[in-house]
Amino acid sequence: MCSVNSVRGTSRWDEGGAGGPESSRGRHVVVVGGSLAGLLAAHVLAGHADRVTVVERDRYPEGAGPAPRPGVPQSRHPHVLLEGGQLALEALLPGFMEELREAGAPRVGMPEDMVQWQSGRWFRRLPASTYLHTGSRAQMESLIRGRVLANPAVTVIEGTDVVGLLGDATRVRGVLLRERGAGAGAGAGAGGDGIRAEQRELVADLVVDASGRGTKAPRWLAAIGADAPHEETIDTGLAYASRVYRDTNGTLGSERSAADTLGFYVVPNPDQPYGVVVLPLEDGTHLATFSGLRGEEPPTNEAEFEAYAKRMPHPLVHQWLRAAEPLSPVSGFRRTANVRRRYDLPGRRPAGFLATGDALCTFNPIYGQGMAVAAMSAVALRDALADPRRTPTTRRVQSALLAASRQAWDISAGADKKMPGAIGNAVEAKAADRVAGWYLRRVQERTPGDPVVGRAFRSALTLTAPIGVLFAPAVARAVLFAPVRPTPAEPPMTREAVGD
């Protein structure tokens, strides 16, 4: 079987049973983190191992309906599923997109369903060339969890922290666990987390870190004598705040209503750093989110939240908020830096350890890429393990996972480099960035009004086509030689009947 056997860098499987009561004979994989990236990785790895154990620090919501989890603080904020992620999820879990639709997840056509502003211009509401799913993160995770955990080979240990790795700099052999809520002692334990009551070992042939943007894997690796990955960071200091509303005057609706507009979107840029997005949720309500940079963060005070709308370049959203009915408190979120961990670079890298999802590459959430990249990374993992031409070594599979996130990183990090006040060791622009920046500015100038350029730009942003699509002959002609087309002077509240 082409699988974890090769990834762990050995010619046979260690026998189970040496690590305590959780171990048993057979090929065993541990996935650290039971969110989207971890669940999808577990789904793929279940085809290459006898057992997959997902270790989740949270406890999943009880009851039939989806609900936000404390361990996913951003779950109360917008989550869009880009088309690239939709295609990946359908490839991994056939029929999933229909299941999502049946659960009521809104499907928003771009640009026809949104009133969108960017760089001083309103977008023409031309027929959609791509669709976003804008339901809640809790709904998406609940549906994926149900599909993945239906496989008897996948089990979950809930309410438990991974506090270190077993093994050494040459090979990871499992993880150290501690049940959450256990008492703490003194001293330094594996991974630097201290000696904790009730620590126990869970032996595994492969450990996959899918623990998210707060991963402690660099510390765990250092504790067993391996090298922590080099981290590339770009941080604009962006923060955002969200609140759920009900539309009360029919301005916004859903696909199933008569309303012609489903949401609003003001895109920030270096000259106008404030942003807002209002998106439909599966229950017919709308989630309004403001964003601002360091020192201009949107407030979580309810009265100030509404007043923040006055900073937008047009009063449209402020007027809508004043008429809409608020249904929730205001939730804030501040951890929005782009961070990429370069496990692909030379160093002491143990066999039997991989990182995926936000634990490998995390993006400024304003670009809506996280769920799509989690799904696309799982497809990359599946393909790397199944490739009959190459042995799936740890380094080779890890490189495939990084490659799955590269375009999203180029988009998110490339845009954030230009934002005022951006800091980090990857902020400095290169000569190639300046040349590309000149061309991309011309692309963005033409996207609001030119159907050809807009279609290409959206396909790149939604991860369904490579960046090279922006240099296709028809697009390049429009970008280099065609004038900027006119766009609406005021917010277009109705769709264009026919695009040109």
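Is His286 buried or exposed? In this predicted model, His286 counts as buried, because its relative accessibility is 2% and the limit for a buried residue is under 20%. His286 belongs to strand S16, which covers residues 286-292. A polar atom of the His286 side chain lies 3.2 Å from the backbone oxygen of Leu262.

Five strands form an open sheet. Their order is S7-S2-S1-S11-S20, and the pairing is parallel. Strand S7 (154-157) and strand S20 (353-355) stand at the edges. Each has a single partner strand, so one side of each is left without a neighbour in the sheet. On average, neighbouring strands of this sheet are turned by 20 degrees against each other, direction ignored. Strands of a sheet pair through backbone hydrogen bonds, either parallel or antiparallel. Within this sheet, strand S1 (residues 28-32) and strand S2 (residues 51-55) run parallel and are joined by five bridges. Val31 has Val54 of S2 as its bridge partner.

Several loops carry backbone features of note. The peptide bond from Met110 to Pro111 is cis, with omega near 10 degrees. Pro111 is placed in the loop between strand S3 (107-110) and strand S4 (114-118). Ser119 counts as partly exposed, at 44% relative accessibility. Leu463 also has a positive phi, near 65 degrees, and is a residue other than glycine. Leu463 lies in the loop between helix H12 (451-461) and helix H13 (473-481). At 10% relative accessibility, Leu463 counts as buried.

Helix H13 also holds Leu480. Leu480 is partly exposed, with a relative accessible area of 35%. Together with Trp438 and Phe481, Leu480 makes a nonpolar surface patch of about 360 Å².

Charged side chains were examined next. Side chains of opposite charge can pair when their charged atoms come close. The count of salt bridges comes to 24. One of them joins Asp161 and Arg57, at 3.3 Å from N to O. Asp161 lies in strand S8 (residues 160-167), and Arg57 lies in the loop between S2 and helix H3 (83-92), so the pair ties together parts that are 104 residues apart in sequence.

Arg180 lies in the loop between strand S9 (172-179) and strand S10 (200-203). Asp161 is in strand S8, so this pair ties together parts that are 19 residues apart in sequence. Arg180 counts as partly exposed, at 36% relative accessibility. Salt bridges that share partners join Arg57, Asp161, Arg178 and Arg180 into one network.

Another salt bridge is made by the side chains of Arg495 and Asp113, at 2.8 Å from N to O. This pair links distant parts of the chain, 382 residues apart. Arg495 lies in the segment after H13, and Asp113 in the loop between S3 and S4. Arg495 counts as partly exposed, at 30% relative accessibility. Asp113 is buried, with a relative accessible area of 5%.

Technical notes: Residues are numbered from 1 along each chain as its sequence is written. This is a predicted model: local features need pLDDT of at least 70, side-chain atom pairs count only at pLDDT 80 or more; totals for chains, interfaces and linings use all residues. Side-chain values use heavy atoms; hydrogens and water are left out. Two strands pair if DSSP finds at least two bridges between them. Helices (H or I, at least four residues) and strands (E, at least two) are DSSP runs, numbered from the N terminus. Axes are lines fitted to C-alpha atoms, for helices over the stretch in contact, and angles run from 0 to 180 degrees between N-to-C directions. Buried means under 20% relative accessible area, exposed over 50%, partly exposed in between (1.4 Å probe, protein chains only). Patches are made of residues with over 30% relative accessible area and no salt bridge: like charges are joined within 9 Å, nonpolar side chains (Val, Leu, Ile, Met, Phe, Trp, Tyr) within 5 Å. Accessible areas come from the Shrake-Rupley method with a 1.4 Å probe; for residues, only the protein chains shown count as cover. A salt bridge is a side-chain nitrogen of Lys or Arg within 4 Å of a carboxyl oxygen of Asp or Glu. A polar contact is a pair of N or O atoms within 3.5 Å; within protein, one must be able to donate a hydrogen and the other to accept it, and residues adjacent in sequence count only if both atoms are side-chain atoms.
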